[in-house]
Number of protein chains: 2
Amino acid sequence: MAKSKKKDPPVILITNDDGVSAPGIFNLVEAVKDLGKIIVVAPDKPQSGMGHAITIGNPLRLHPVHLFEGIEAWQCSGTPVDCVKLAVDKILHRKPDLCLSGINHGANHSINVIYSGTMSAAVEAAIESIPSVGFSLLDYSVEADFSAARKYVRIIVENLLKNPLDKHLILNVNFPAVPDSLIKGMRICRQAYAKYEEDFLERNDPTGKKYYWLTGKFVNFDKGRDTDVWALEHNYVSVVPVQFDLTNYVLKDKLQKTWKL
Amino acid sequence: MAKSKKKDPPVILITNDDGVSAPGIFNLVEAVKDLGKIIVVAPDKPQSGMGHAITIGNPLRLHPVHLFEGIEAWQCSGTPVDCVKLAVDKILHRKPDLCLSGINHGANHSINVIYSGTMSAAVEAAIESIPSVGFSLLDYSVEADFSAARKYVRIIVENLLKNPLDKHLILNVNFPAVPDSLIKGMRICRQAYAKYEEDFLERNDPTGKKYYWLTGKFVNFDKGRDTDVWALEHNYVSVVPVQFDLTNYVLKDKLQKTWKL
């Protein structure tokens, strides 16, 4: 229908869950800053493990920050999902062409996708019909080497700007913590079935009352060669397309037969 | 394999996201208390909209509470997902046979499943191989009438105790806010594609600085008669089987063809 192609550069919203001053988001901005008009709206503090939390009972704050040269950036007092909602409604006043989240410091493969603020920001964007990608590097260190990650971020973003695929697109991209020379390429994967086996650390406060710290061991039950965990263990960049329709259709059919409603 | 059937009553873990003192959880306990050994572990304050958030940077507290006659109950300082993790690891020291979450004050149909603390607690249980059900009533009032909901909770729980179906079972059950006499029965549904159109309320604090309150209009784009929204609008109890594998398999195939890796 549209013969007059729009010439404006694509608008790319960038967020994360480690906070606006984390090295990961700096590296994400650096990787793509010449590919469109970049706007950063990210939490003012670490928000790891916030999942798809939104702020209901409290007001939110937005403050401009001067962290990225020549790029409009805001810090938000809320969760990663709040950042996406506020960015679209109060800063951009339009849908960006793409939303990028990360680069997260630490893995978001397998079941981590559910706990991850990085991925939840991407999911929120896709609910809003904004194609989105969450990026994570399997290295928690603030001194992590993002150079290989940056190379692949660029390949993926250029690809998606040329061929957006789907307005509800969500990609969960994880990078192995190895130098670029050891990375074998990208693999399209499914989410591995893995989980954490919790073992809360129990301590007593000065008055003798107990408190608990969440700790846990990651356990992968899924040896499939088509999983993200397999890909990462074999030095591939894992790319898992994600969806927000959580309906279990197999169980739906089974229930319809079993319950005979 | 097991000829000696276990005679112990099933252990049922009950949680919610409105807090341990909400009427909804009281009604849930009342509905099922004679069907097994009940343990309540729920947040000490409202945790609506917390999604799948977990508490990473802070310790957690657990306190016994005497709210339900003859039933062991604890309040937890964390999120609904924290409650499930702590209950299994530090209170039960085993997996319960079933986890029930709710009854939530307010709808968790369609996209709400993603933001809902009620449903995230159920999802967490299922990740742990504990079949689980989240219940929600389409009435925010603290004076809501839970009598019809209680009837159906009982039917569903009796059914699942007799026939557990799947260790990763998650059901998202919503009740229309109408008297029992108007409810037409239960329907197995898929999650409707609907979303919130945000319209943040903008205000100035006493120093003139802006702050924002999240508000939004629920918009349903999905007119399918097999959706939860349709069922609820037509006075059915909606039952959506939910999964935690978020892989978009359709897009996975498409990407594999398009990206030619």
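The model is predicted. Chains A and B superpose with an RMSD of 0.0 Å.

**Helix H5 of chain B**
- H5(B) covers residues 147-162, which makes 16 residues.
- From first C-alpha to last, H5(B) reaches 23 Å, close to the 22 Å expected at 1.5 Å a residue.
- Buried in H5(B) are B:Ala149, B:Val153, B:Ile156, B:Val157 and B:Leu160.
- Down the helix axis, the buried residues of H5(B) fall within an arc of 100°, so they line one face.
- An α-helix has 3.6 residues a turn, so residues three or four places apart point the same way.
- B:Ser147, B:Glu158 and B:Lys162 are exposed, on the face of H5(B) turned away from its buried side.

**Helix H1 of chain B**
- H1(B) is mostly covered, with seven of its ten residues buried.
- Those buried residues are B:Gly24, B:Ile25, B:Asn27, B:Leu28, B:Val29, B:Ala31 and B:Val32.
- They pack against strand S1 (11-15), strand S2 (37-43), S5, S6 and H5 of chain B.

**Nonpolar core**
- The largest nonpolar core has 155 residues.
- A:Leu28, A:Leu100, B:Leu28 and B:Leu100 have the most contacts inside this core.
- Leaving out residues up to four places away in sequence, A:Leu100 touches A:Ile12, A:Ile14, A:Leu28, A:Val32, A:Val133, A:Phe135 and A:Val157.

**Symmetry of the two chains**
- Chain B is superposed on chain A by a rotation of 180°, with 0.0 Å of shift along its axis.
- The two copies are thus related as by a two-fold rotation axis.
- The same surface serves both copies, as 100% of the contact residues of chain B recur in chain A.

**Contact between the chains**
- Chain B gives 57 residues to the contact and chain A gives 59 residues.
- Several elements of chain B each supply at least two residues of its side, among them helix H2 (80-92), helix H4 (117-127), strand S9 (194-198) and strand S13 (237-241).
- H7(B) supplies the largest share of that side, seven residues.
- By type, the side of chain B that touches chain A divides into 30 nonpolar, 14 polar and 13 charged residues.

Notes:
Residues numbered from 1 in each chain as written. Chains lettered and ligands numbered in written order. Predicted model: local features only at pLDDT ≥ 70, side-chain atom pairs only at ≥ 80, totals over all residues. Least-squares fit on C-alpha atoms with pLDDT ≥ 70 in both. Contact = placed C-beta atoms within 7 Å. Helix = DSSP H or I, 4+ residues; strand = E, 2+ residues; numbered from the N terminus. Nonpolar A, V, L, I, M, F, W, Y, C, P; charged D, E, K, R; others polar. Core = buried A, V, L, I, M, F, W, Y, C linked by C-beta atoms within 7 Å. Buried ≥ 20, exposed ≤ 12 C-beta atoms within 10 Å, placed from the backbone. Expected span 1.5 Å × (residues − 1). Arc of directions from axis to C-beta.
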